[in-house]
Amino acid sequence: MALTDFQKEILQGIPDVLPSPKARDTKVSHAPKRKDILTKAEKKLALKNALRYFDKKHHAVLAPEFADELEQYGRIYMYRFRPEYKMYARSIDEYPFRSKQAAAIMLMIQNNLNPAVAQHPHELITYGGNGAVFQNWAQYLLTMRYLAEMTEEQTLVMYSGHPMGLFPSHKDAPRVVVSNGMVIPNYSKPDDWERMNALGVSQYGQMTAGSYMYIGPQGIVHGTTITVLNAGRMLEGKAEDGLGGKLFVTSGLGGMSGAQAKAAVIAGAVGIIAEINEKAAKKRHEQGWVDELYYDLDEIITRIRKAQETKETVSLAYVGNVVDLWEKLVDEDIYVDLGSDQTSLHNPWAGGYYPVGLTFEESNEMMAREPEKFREHVRASLRRQVDAINKLTAKGMYFFDYGNAFLLEASRAGADILKQDGTFRYPSYVQDIMGPMCFDYGFGPFRWVCTSGKPEDLDLTDRIAMEVMTEIAETAPDEISQQMHDNIRWIREAKTNKLVVGSQARILYADAEGRIKIASAFNEAVKSGKISAPVVLGRDHHDVSGTDSPFRETSNIYDGSSFTADMAIQNVIGDAFRGATWVSIHNGGGVGWGEVINGGFGMVLDGSEDAGRRLKMMLHWDVNNGISRRSWARNSGAIFAAKRAMKDNPDLIVTLPNLADDDLVNDLFK
């Protein structure tokens, strides 16, 4: 069979003949210029590191070009080598491959870099301002070539975007093992990332960016919907079935944060989202993820009042600074029911947070040229933002940290965010909602991608998942009945809510029983031909077991172990030898470099008996590892879930805690 031009380009890898230089495309959102952090000697080292991907005959041409990129942008992206073909997830059979598992991974990588999906696609950044798939385009080209060439007796090893090579393994081993940002702990400050990334030796993979598992804003919209719904249920005069007329105010329409507007509408609320990057706001509006755009505060206030009065379900974006919005809401005495923030405060100094008083362009200039001055602007802005939020919570607003390090960075900025005992005034959403309701019971963001690219395959998987969940719900215990109800409603309405951006993908919160039964049904449907091509399984790292993050995923663990990372490390090791197609482990993600260790997996369901065997082993471990750790931390929901899991599988034996009497312990320390 003749190779297509696309397949030839993939197999070529890094071309022997240099492609022409590429002009910077102004229609695409670009990463801000990174600060000038390298010494002269380190800049020489960064250049030598970049040139080692290329035959020496090209060095005289590439060296000055790469030096110029380093000077202009603070990084060497190798723009010249960005492919000419369109970047999107093709049908799996369009890729050149010797291993169909590897072809599925190529599809997932291209989806992460699709301009409709990625935040800064030409800088290979998927979301979060710095969540990278690769550090440069040479790494992309070489990785895709290796994936096209590899067999199922080899494993590709990835060091922070760099393909270290193909190594002999076996068919039950992962096809790819990814690590991102794994540095010596004492060298895990934000400036360490800036330096190592500029040198080309490490990267911030976020969560699903560097693990090839991002599915656009849909990837977080289900969790955001659950969070907003249950935050509403905490309000006086509960909102059991929806949030009609309730006002939810937050910020961010970029990568993960882009889910907030859609989630607000699904929950039935009036959603107000501030976004300072006009390109990001317009992108979400064009994709149908936010209903209306406003540039004038007076105009949006008028619209908010109307929506509240008529109990309208609508999402409104303010294209401007979120602090201006919060202060305007205070000045106009608008009652806000729910509040949060999803600026990328894990990355506050390099484009994750834009301070009030500066335009988007002024901030981008200052963060690169006057980084210390920019830091002061960010800190002052956070103090003002918290002051406005405090005034609104005093009137009854329920505010929660949505896992973006808002509380952490606001406290470091000296904002009035701490109680007298030194704890935060406001909860993390995991403490109040996701932890006790979902993670402790084993529910988390399970997801899948139809590698055919056919909407009809996705429709069938939706129906299969709904049938499985409905059947499970009939005998589910009371402790998880609300979760089952919300998740069945979600999958029933998924197509209507128009969630697909990029690949034909779906997300659904499910526990181990749900994941295993759904995956088994998918595998059978692929085997029978009902689903026309393999299905890729995965999850967000933001899950029961995958992430150790004391300010987010493990913030509802109170036995002193929330700053340990055994769970995430054990999880990726266990997934690898239980049959995952690829695994990843990252430093950073969500709340920042040095603040979290997180991991994920991908699994290809090809209809085979091997896939059926692997999915049962791996998915059972991937959930119950976290339940066991949460149970040992004395979380009551997790103790219940662990006992239930042991009853269902006699080979599972979990060490359960004995609960000490508080009076006995307290009397010893009077």
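This is a predicted model: local features need pLDDT of at least 70, side-chain atom pairs count only at pLDDT 80 or more; totals for chains, interfaces and linings use all residues.
**Entry: H16 and H17.** I began with helix H16, residues 455-473, and helix H17, residues 481-493, whose axes lie 9 Å apart at an angle of about 160°. Since angles over 145 degrees count as roughly antiparallel, I noted H16 and H17 as roughly antiparallel to each other, and I recorded their crossing as left-handed. On the H16 side I listed Asp462, Ala465, Met466, Met469, Thr470, Ile472 and Ala473, which meet Met484, Asn487, Ile488, Ile491 and Arg492 of H17. Sorted by class, the residues of this contact between H16 and H17 comprise eight nonpolar, two polar and two charged.

**Entry: H18 and H20.** I then turned to helix H18 (residues 512-528) and helix H20 (residues 609-632), which pack at an angle of about 160° with their axes 9 Å apart. H18 and H20 are therefore roughly antiparallel to each other, while their crossing is right-handed. From H18, the residues Ala512, Arg515, Ile516, Ala519, Ser520 and Asn523 meet a set in H20 that includes Leu615, Leu619, His620, Asp622 and Val623. I counted by class seven nonpolar, five polar and three charged residues in the contact of H18 with H20.

**Entry: Arg412.** Is Arg412 buried, partly exposed or exposed? I found Arg412 in helix H14, residues 406-412, and its relative accessibility is 47%, so it counts as partly exposed. The side chain of Arg412 makes a polar contact of 2.8 Å with the side chain of Glu595. I also noted that Arg412 and Arg383, which are 29 residues apart along the chain, have their C-alpha atoms separated by 10.0 Å.

Terms used: Residues are numbered from 1 along each chain as its sequence is written. Side-chain values use heavy atoms; hydrogens and water are left out. Axes are lines fitted to C-alpha atoms, for helices over the stretch in contact, and angles run from 0 to 180 degrees between N-to-C directions. Helices (H or I, at least four residues) and strands (E, at least two) are DSSP runs, numbered from the N terminus. Angles under 35 degrees count as roughly parallel, over 145 as roughly antiparallel, 65 to 115 as roughly perpendicular and the rest as oblique. A crossing is left-handed if the near helix is turned anticlockwise from the far one by less than a right angle, and right-handed if clockwise. Contact means heavy atoms within 4.5 Å. Ala, Val, Leu, Ile, Met, Phe, Trp, Tyr, Cys and Pro count as nonpolar, Asp, Glu, Lys and Arg as charged, and the others, Gly among them, as polar. Buried means under 20% relative accessible area, exposed over 50%, partly exposed in between (1.4 Å probe, protein chains only). A polar contact is a pair of N or O atoms within 3.5 Å; within protein, one must be able to donate a hydrogen and the other to accept it, and residues adjacent in sequence count only if both atoms are side-chain atoms.
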